[in-house]
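Here are my notes on the model shown below. Please read them with the coordinates open.

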Amino acid sequence: MVLLTLLAAITIGIIRMRNLFAVVVLGGIYSFLMASVMIVLDAVDVAMTEASVGAGISTVLMLGALYLTKTQETEPAHRLLLPFFVAVATGAVLVFGTFALPPFGAAETPMNLHVAPYYLENSIRDTLVPNVVTSVLSSYRGFDTLGETTVIFTAGIAVLLLLKGKRGVKPGPKRRRVRR
Amino acid sequence: MDLLQEIVAHYNHWIIIFLMVSGLYIVVARGNMIKKLVGLGLFQTSVYLLYLSPGKILGGTPPIISEHFTVYSNPLPHVLILTAIVVGVATLALGLALVVRINEAFGTIEEDEIFAGEEDE
């Protein structure tokens, strides 16, 4: 609960900051806090990924983009009342929806009784992997993971195409493959 | 007492909603494109929590099979969110590449200034 409150505090900081460098660093702190929350929620694999990808790679990418652009945000010219109202209204509707959800930590929810017990019981027999997250990711749902890598490959190609011949005024055929 | 129980049972949902709504607010209200991407990231991570927190079972352990434990948390959301994180960083990289190109073409990453520049032409 304390960690979740800290997350909310950092979010307010991110909203109020105008210096983008500070925003990116706060984003890194946010990701590490999120990873701690995930450990509390028993999602150790996800926590490791979030700490390395969310706090590591994302922050580095953001800093790289800041280096290539600008680090100060200008004051908004238009009124901010309407977006604020829309956000608060959405939040109110969502909070109303939470009262029908099962309480935190309950075991007898439909989500926890559907297919998850099958994986937990049969993982060792089917795949010999004790870590159920690994066995589901790479064995039971291996094709999903293949699709995921396709998405990343496509995104990588798109980034290469976008940044191709960026810096060089005379894009020679050999220099065009430089990514950053 | 009842109220306190209700708060403890739903506190995670409320924080998730707060994160989600503030992400939405940043994306809608702020004109700076990098700030918008940070807001999109906030929204995304709130969805991670939305998936992970109902999978937690009180008294359960991480879903690594061992003879010492009998209660495990739900592994399925973990798998989905692992995929989501990795795809999220791919889309973030793509968005940042677009921002860099926009900065090159227009000389600014503020939405208002880009619109103003287009009207002048």
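1. Fold of chain A. Read along the sequence, chain A runs α-α-α-α-α-α-α-α. That is eight helices and zero strands. Helices (H or I, at least four residues) and strands (E, at least two) are DSSP runs, numbered from the N terminus.

2. Ground rules. This is a predicted model, in which local features need pLDDT of at least 70 and side-chain atom pairs count only at pLDDT 80 or more, while totals for chains, interfaces and linings use all residues. Residues are numbered from 1 along each chain as its sequence is written, and chains are lettered from A and ligands numbered from 1 in the order in which they are written.

3. Burial and contacts in chain A. Of the 180 residues in chain A, 22% are buried. Buried requires 20 or more other C-beta atoms within 10 Å of the residue's own; exposed is 12 or fewer, partly exposed is in between, and C-beta atoms are placed from the backbone. Among the contacts in chain A with a separation of 6 or more, 41% join residues 24 or more positions apart. A contact needs C-beta atoms, placed from the backbone, within 7 Å.

4. The interface. Chain B contributes 70 residues to the contact and chain A contributes 77. On the chain B side, the elements giving two or more residues are α1, α2 (33-55) and α3 (75-106). The most come from α3(B), with 23 residues. By class, this side has 45 nonpolar, 19 polar and six charged residues. Nonpolar covers Ala, Val, Leu, Ile, Met, Phe, Trp, Tyr, Cys and Pro; charged covers Asp, Glu, Lys and Arg; the others, Gly among them, are polar.

5. α4(A) against α1(B). Axes are lines fitted to C-alpha atoms, for helices over the stretch in contact, with angles from 0 to 180 degrees between N-to-C directions. Under 35 degrees counts as roughly parallel, over 145 as roughly antiparallel, 65 to 115 as roughly perpendicular, and the rest as oblique. The crossing is right-handed. Among the residues in contact are Phe84(A), Leu94(A), Trp14(B) and Tyr25(B). The classes are 13 nonpolar, five polar and no charged.

6. α1(A) against α1(B). Here the axes of α1 of chain A (residues 2-16) and α1(B) come within 10 Å and cross at roughly 10°. That makes α1(A) roughly parallel to α1(B). Contributors include Leu4(A), Leu7(A), Ile15(B) and Phe18(B).

7. α4(A) has 18 residues and reaches 26 Å between its end C-alpha atoms, close to the 26 Å expected at 1.5 Å a residue. The expected span is 1.5 Å times one less than the number of residues. α4(A) is hardly covered, with one buried residue among its 18. For α2(B), 23 residues should span 33 Å, and the end C-alpha atoms are 34 Å apart, which agrees. α2(B) is mostly covered, with 19 of its 23 residues buried.

8. One glycine. Is Gly88(B) buried or exposed? Gly88(B) counts as buried because it has 21 C-beta neighbours inside 10 Å. Gly88(B) sits in helix α3 of chain B. Its C-alpha atom is 31 Å from that of Ala116(B), 28 residues apart along the chain.

Notes. Left-handed = near helix turned anticlockwise from the far one by under 90°. Contact = placed C-beta atoms within 7 Å.
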